[in-house]
Amino acid sequence: TVNSYISWLKDRGIEPAITASTGIAATHISGYTIHAWSGIGIKDTLSSYELDALSQNERLVKRVRSTPVLIIDEVSMLHHRTLDTVDAVLKSLRGSSRPFGGMQVVLVGDFFQLPPIEKRVQQVYDEYNQDTNMFDGMFEDEALKSSFAFESMAWKNMKLLTCYLSQQFRQEDPTFLDLL
């Protein structure tokens, strides 16, 4: 579906930024990780100094300013801080206070599949902690418990149009399809 949409955009002369939350997902759509494309690297937050340093990267600024559509696949695995950081970078580099600097953003993913990676780490700690109490209090901070992309300020500030896909193309097993 994502590849078909990308083809549709390109047929109309629109060159989107094709990204995903993980490297594996990015390879499936011949794109980049959102971290690499936006310049944030492995960080999920940036100081004002780091944000200013990104604005000195001419190649990054040119790429961000010339991109009309940003596609982020597997958004369910993206932590809310990362989405907020990408939003801050795009606002800064595009010189606009509008969400994502005014860029059209297409978020693709299924929040019933995979949670953000940090969330899964927390769950492993919680399960292990039930027996050992080794990690008591480690995840008491509400900021760590709230991690889904839809919990970000960026998400809340966007005017999203939600499209649900109802036809299954990747599976043919009727029992498995019923479960899905």
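Predicted model: local features only at pLDDT ≥ 70, side-chain atom pairs only at ≥ 80, totals over all residues.
Leaving aside its neighbours within four places in sequence, with which residues is Leu 83 in contact? Residues are numbered from 1 along each chain as its sequence is written, and side-chain values use heavy atoms, with hydrogens and water left out.

**View A. Contacts of Leu 83.** Beyond neighbours within four places in sequence, Leu 83 touches Ile 72, Leu 78, Phe 100, Ala 149, Ser 152, Ala 154 and Trp 155 (contact: heavy atoms within 4.5 Å).

**View B. The largest nonpolar core.** This core comprises 24 residues, and those with the most contacts inside it are Trp 37, Leu 70, Leu 83, Leu 90 and Phe 100. A nonpolar core is a set of buried Ala, Val, Leu, Ile, Met, Phe, Trp, Tyr and Cys residues joined through side-chain atoms within 4.5 Å; buried means under 20% relative accessible area (1.4 Å probe, protein chains only). Helix 6 (80-94) supplies the largest share, five residues. Apart from this core lies another of 11 residues, among them Val 2, Ile 18, Val 69 and Val 106.

**View C. Strand 1 and its partners.** Helices (H or I, at least four residues) and strands (E, at least two) are DSSP runs, numbered from the N terminus. In strand 1 (residues 17-20), Ala 17 and Thr 19 on one side and Ile 18 and Ala 20 on the other are all buried. Strand 1 runs parallel to strand 3 (residues 69-73), joined by four bridges (pairing requires at least two DSSP bridges); Ile 71 of strand 3 is the bridge partner of Ile 18.

How values were computed. Buried < 20%, exposed > 50% of the residue type's maximum accessible area, 1.4 Å probe, protein only.
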